[in-house]
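Subject: Structure handover

Hello,

Here is the structure I promised to pass on. Please open it first, then read my notes below.

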Amino acid sequence: MNYADEMVDYYKENFPEKYREIISASAPKKSIRTNTLKISSGELKARLESRGFKFSLPPVPDCLVVEHEPFSIGGSVEFLLGLFYIMDFTSAVPALELNPRPEETVLDMCAAPGGKTCILSQLMKNTGAVVSLDLNMPKINAMISNLERTGAKNVLLYKKDARKIENINIVFDKILLDPPCSADGIACRDEKRKETLRVSDFEKYKSMQKDLIQSAFNVLKTGGTLVYSTCSLSIEENEQVMDFAKALGFKIEKPKMQLGAWTGRGFKVFPSDYKTQGFFYGRLRK
Amino acid sequence: MIVEIRNAVKSMLKRELSFYTNRAKVESFMSNKSVLAVDTGRKVQFFLVSKALEKTFNEIPFSQGLFYAGIFAGEVEKNIFAPSLAVLDFLSKNTDKKFVKLDYKRSVLFSCGRDIPSAGIVSASKDLRKNDIIIVLNENNEGIGYGRVLEQGIVLQELKAKPVIKNLYDIGDFIRREQGLKRAVNKENE
């Protein structure tokens, strides 16, 4: 299946040097992130290699790209024990970029199914507090299993609309915002999605993303950091939302972790850069 | 749904957990933590929360919609306490109670919900008796579940396919739970 003509035109107009690679991108390889609360990356790699798995090293710490699996890695005892989490390695970057310290109070606004929250817990050495919010019940159920499996011990998980937290009574040190998005960056995984994706999706999600940024601004401490990310390549859901944040009073900072291309608002990772999903992340300071 | 700090149940939790290891180790597991209870009417889930997490919980004005907090210790449904994976992880490092240790192949099968035949048990406590509740470990001494002894006098590595340990709960349970199946430990007691 192929992208609709309007999508091809959109990519051609906005990313003339990349559009051919975007529309022809194939599904990325599976990657995993070590749960450093339970095991080191070296130990995990050796243990899984002894079972017949083969890996390559991506440019993100504690991640491994699965090059060969004798059986599904999600069915391994090591997965069930919570020694790793299956996620595109680009998805690990926002939590690493936020880099929360032990004892801080952190908000993960659209948290489920919890991969990023688990990384926050690892970085905070299971101290302080991570308040995780989401509205999607099937994803919340998956997150409950993930928290239990990975041994994250500093999380409060609520079913709550992150746009309606003006009365939350807490000023957070740091905030992670990975909002619902058009997900055109992962259309390479899903042939059906390629066909149904429309340019109007970008505007539709942008409105919600701006509401979430506004909500985050209200509960972040002055001087606090927010990392914003999406699995979209669109200008509307990324650069335009970052511009909205700037207009609110946020300062755009250049992330320390640098993957993909700097757009002046954040880093954009195209599927062809590392054979991953398409991804965007930006860093804001209040 | 009632969500509240319920430290009055600490002694009940300690008693339940002491079933698997000695009281001093349970005390250390629960020290400096409060018990947060989520009571749905059908079941009560118990979470252990640090002082920092308890403070944050108390500051947040909405308690409804809380689905997870700190360490999930276990849940009571139909008056039966079912311990969690976190407890299993703790016990695998601290148990001084009865156990069996499995080879890799049997660990995989046990994690898929299977019972255990004597073939595949590489070591076990000496004094296993019928109906004993035991911790099941893999070859790396990691807790992968709980079982119940079905036969008196297990002979290790005996090449018999007949189960000698009943699977009560294993680390693959969460996948089956996501598929809408009940916890094995509760199912057995219905």
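A contact here means heavy atoms within 4.5 Å. Take chain A with that in mind: among its contacts between residues at least 6 apart in sequence, 73% join residues at least 24 apart. One caution before the rest. This is a predicted model.

**Chain A overall**

Chain A contains eleven helices and 13 strands. Its C-alpha trace spans about 50 × 50 × 35 Å along the principal axes. Does the radius of gyration agree or disagree with that of a compact globule? It agrees: a compact globule of 286 residues would have a radius of gyration near 19 Å, and chain A has 18 Å.

Of the 286 residues, 59% count as buried. The chain exposes about 10,900 Å². Carbon and sulfur atoms supply 49% of that area.

Now the charges. Chain A carries 41 positive and 36 negative side chains. The centres of the two sets lie 4 Å apart.

Start with L176(A). You will find this residue in strand β8, residues 172-177. Is L176(A) buried or exposed? L176(A) counts as buried because its relative accessibility is 0%, and the cut-off for buried is under 20%.

Which residues does L176(A) touch, leaving aside those up to four places away in sequence? They are P94(A), A95(A), L98(A), L107(A), D108(A), M109(A), K116(A), L120(A) and V227(A). There is also a C-alpha pair to check. L176(A) and L226(A) are 50 residues apart along the chain, yet their C-alpha atoms are separated by 5.7 Å.

Then go to P113(A). This proline sits in the loop between β5 (105-108) and α6 (115-123). The peptide bond from A112(A) to P113(A) is cis. Its omega is near 10°. As background, most peptide bonds are trans.

**Chain B overall**

Chain B has seven helices and twelve strands. Of its 190 residues, 51% are buried. Among contacts between residues at least 6 apart in sequence, 60% join residues at least 24 apart. The chain exposes about 8,800 Å², and carbon and sulfur atoms supply 51% of it.

How is chain B divided? There is domain 1 (2-90), and there is domain 2 (97-175). The contact between them takes nine residues from domain 1 of chain B and nine residues from domain 2 of chain B. The C-alpha centres of the two domains lie 27 Å apart.

**Inside chain B**

Look at helix α1 of chain B, residues 10-18. Which of its residues are buried? They are M12(B), L13(B), K14(B), L17(B) and S18(B). What do these buried residues pack against? The list is α2 (23-30), β2, β3 (43-49), β5 (71-77), β6 (80-83) and α4 (85-94) of chain B.

Strand β2 is on that list, and V38(B) belongs to this strand, which covers residues 34-39. V38(B) has a relative accessible area of 2%. The cut-off for buried is under 20%, so V38(B) is buried.

The contacts of V38(B), not counting residues up to four places away in sequence, are M1(B), I2(B), V3(B), K43(B), V44(B), Q45(B), F47(B) and L66(B).

Most residues other than glycine have a negative phi. Two asparagines of chain B have a positive one.

N32(B) has phi near 60°. This residue is in the loop between α2 and β2. Is N32(B) buried or exposed? N32(B) is exposed because its relative accessible area is 62%, and exposed means over 50%.

N141(B) also has phi near 60°. Its place is the loop between β10 (133-137) and β11 (143-149). N141(B) counts as partly exposed, because its relative accessibility is 40% and that class runs between the two cut-offs of 20% and 50%.

**Where to begin**

I would open L176(A) in strand β8, then V38(B) in strand β2.

Best wishes

Technical notes: Residues numbered from 1 in each chain as written. Chains lettered and ligands numbered in written order. Predicted model: local features only at pLDDT ≥ 70, side-chain atom pairs only at ≥ 80, totals over all residues. Heavy atoms only, no water. Helix = DSSP H or I, 4+ residues; strand = E, 2+ residues; numbered from the N terminus. Buried < 20%, exposed > 50% of the residue type's maximum accessible area, 1.4 Å probe, protein only. Areas by Shrake-Rupley, 256 points an atom, 1.4 Å probe, with all protein chains shown as cover. Rg over C-alpha atoms; globule rule 2.2 N^0.38 Å. Lys, Arg positive; Asp, Glu negative; His and termini not counted. Charge placed at Lys NZ, Arg CZ, Asp CG, Glu CD. Domains from an automatic or database assignment.
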